[in-house]
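Here are my notes on how the two chains meet. Please read them beside the structure.

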2 protein chains.
Amino acid sequence: MLQPLMNVLKTKRIILASGSPRRKQILTNIGLKFEIESSSFEENLDKSLFPEPPQYAVENAFQKTMEVARRLSSDPNPPDLLIGADTIVTMDGVIYEKPRDEEDAFNMLSRFSGRQHTVYTGLVLATPESNPGPNGDKFRVSKFYESTDVIMAQMTPELIRQYIATGEPMDKAGGYGIQGLGGTLVAGIKGDYFNVMGFPLHRFAKELVQIYESKK
Amino acid sequence: MLQPLMNVLKTKRIILASGSPRRKQILTNIGLKFEIESSSFEENLDKSLFPEPPQYAVENAFQKTMEVARRLSSDPNPPDLLIGADTIVTMDGVIYEKPRDEEDAFNMLSRFSGRQHTVYTGLVLATPESNPGPNGDKFRVSKFYESTDVIMAQMTPELIRQYIATGEPMDKAGGYGIQGLGGTLVAGIKGDYFNVMGFPLHRFAKELVQIYESKK
């Protein structure tokens with residue numbers, strides 16, 4: 001999807017506003033050159049203010065991206081593209097993020113056992129505005145999200161405890177990593193696999209092509 | 001899924017009868033210790049002999065596994081578990097394997113563009129028979145397959161040519177790699193992502209647990 005654009009992207013300063021090793025890996029795999037600037041945005045938005053869960057993920061991604069954008073705006077070589085993302089898991093109207101502790105991970109995974117949940121990743125792409133508007137907007141911002149349904153295997157409490165003991169669940173939204181040991185626990189998905197890892201790769205590529213097409 | 005079994009598996013000599021780097025990666029990621037013995041089975045079965053495409057993939061996987069099993073059967077330390085797999089892509093009743101050349105890859109990907117196809121991986125697990133039958137069967141063999149639907153993005157001929165020029169399609173069934181650049185071309189999947197990479201991880205874990213449960 002991105003190949004026709006790769007020669008253009010090579011000349012750009014691209015910033016991934018996320019410290020997630022999975023996002024880094026996905027973007028490295030497709031051959032993108034970028035720097036990482038983890039955002040210091042504290043994820044403490046009031047979930048109840050958002051009518052739907054994905055809007056919460058998009059707003060988190062937006063705030064993370066803008067924090068990094070502001071920080072780098074006075075840079076002598078400001079970025080040409082900033083990428084921000086936030087991933088949440090939802091089931092029965094409840095939003096699940098990274099587990100607070102092992103007990104929290106156990107509760108999440110016990111609820112997911114044998115059932116389907118949804119992973120949302122909010123994605124924000126920010127490029128410098130070539131014609132800043134009257135309110136001085138410096139960035140053109142694209143916001144969107146992608147959802148993927150995940151069907152988990154039936155898991156016994158013993159299996160969940162043993163999985164938690166591997167340490168894999170603790171830094172991951174929903175308490176599992178589909179790309180690792182957690183992959184054996186996933187019976188199937190509907191949608192973009194990379195979205196479950198934390199980055200909606202196909203949608204990202206599609207939106208990026210549109211952004212650079214419209215700048216021509 | 002496999003954690004309760006991991007202590008048992010650590011003591012076993014496990015052979016992956018496949019030279020695929022993707023299969024190696026998937027099994028390494030879940031912490032399995034195994035050796036690789038690529039099969040020399042020539043994949044030249046007559047596809048028309050199989051009523052359904054997945055049966056062809058299962059038979060390929062079976063022949064690959066048995067070739068390696070025979071080769072290692074006189075080993076002083078014979079294997080405790082052999083794993084064989086074969087992956088094919090089907091659409092409109094046609095079976096697609098690795099592209100013969102770049103033109104073949106171009107034709108495959110052009111057909112897949114904007115449409116849904118199905119990936120089948122046949123998987124074979126062979127363990128030594130503790131009570132060999134009257135016909136002297138040395139192995140207990142489990143055969144199964146897993147299917148995953150893949151929806152490809154609309155791709156222009158230019159995009160397909162540029163993707164082929166990266167070299168990624170040539171050694172992969174269906175002419176694309178979902179875990180690499182090809183991931184940007186996949187709009188979504190239904191089923192096990194790892195199955196599209198060439199190894200149905202969840203099903204493998206489930207069947208392996210059953211095999212060792214029944215040996216208790």
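1. Start with the strands. E7(B) and strand E7 of chain A (residues 186–191) are joined by three bridges. The two run antiparallel. One bridge partner to check is Gly191(B), in E7(B), which pairs with Ile189(A). Keep in mind that this is a predicted model.

2. Next, the extent of the contact. On chain B, 32 residues are in contact with chain A, and 32 residues of chain A take part in turn. The area buried between the two chains is about 2600 Å². Carbon and sulfur atoms give 64% of that area.

3. Now the polar side. Polar contact is found, however: six residue pairs across the interface, with both residues at pLDDT 80 or more.

4. Several elements of chain B build the side that touches chain A. Helices H1 (3–9), H5 (157–165), H6 (193–197) and H7 (201–215) each supply at least two residues, as does strand E7 (186–191). The largest share, six residues, comes from E7(B). That is the strand of chain B joined by bridges to E7 of chain A.

5. Last, composition. By class, the side of chain B that touches chain A has 17 nonpolar residues, 12 polar residues and three charged residues.

Technical notes
Residues are numbered from 1 along each chain as its sequence is written. Chains are lettered from A and ligands numbered from 1 in the order in which they are written. This is a predicted model: local features need pLDDT of at least 70, side-chain atom pairs count only at pLDDT 80 or more; totals for chains, interfaces and linings use all residues. Side-chain values use heavy atoms; hydrogens and water are left out. Contact means heavy atoms within 4.5 Å. Buried area is the accessible area (1.4 Å probe) that two parts lose on being put together, summed over both. A polar contact is a pair of N or O atoms within 3.5 Å; within protein, one must be able to donate a hydrogen and the other to accept it, and residues adjacent in sequence count only if both atoms are side-chain atoms. Helices (H or I, at least four residues) and strands (E, at least two) are DSSP runs, numbered from the N terminus. Ala, Val, Leu, Ile, Met, Phe, Trp, Tyr, Cys and Pro count as nonpolar, Asp, Glu, Lys and Arg as charged, and the others, Gly among them, as polar. Two strands pair if DSSP finds at least two bridges between them.
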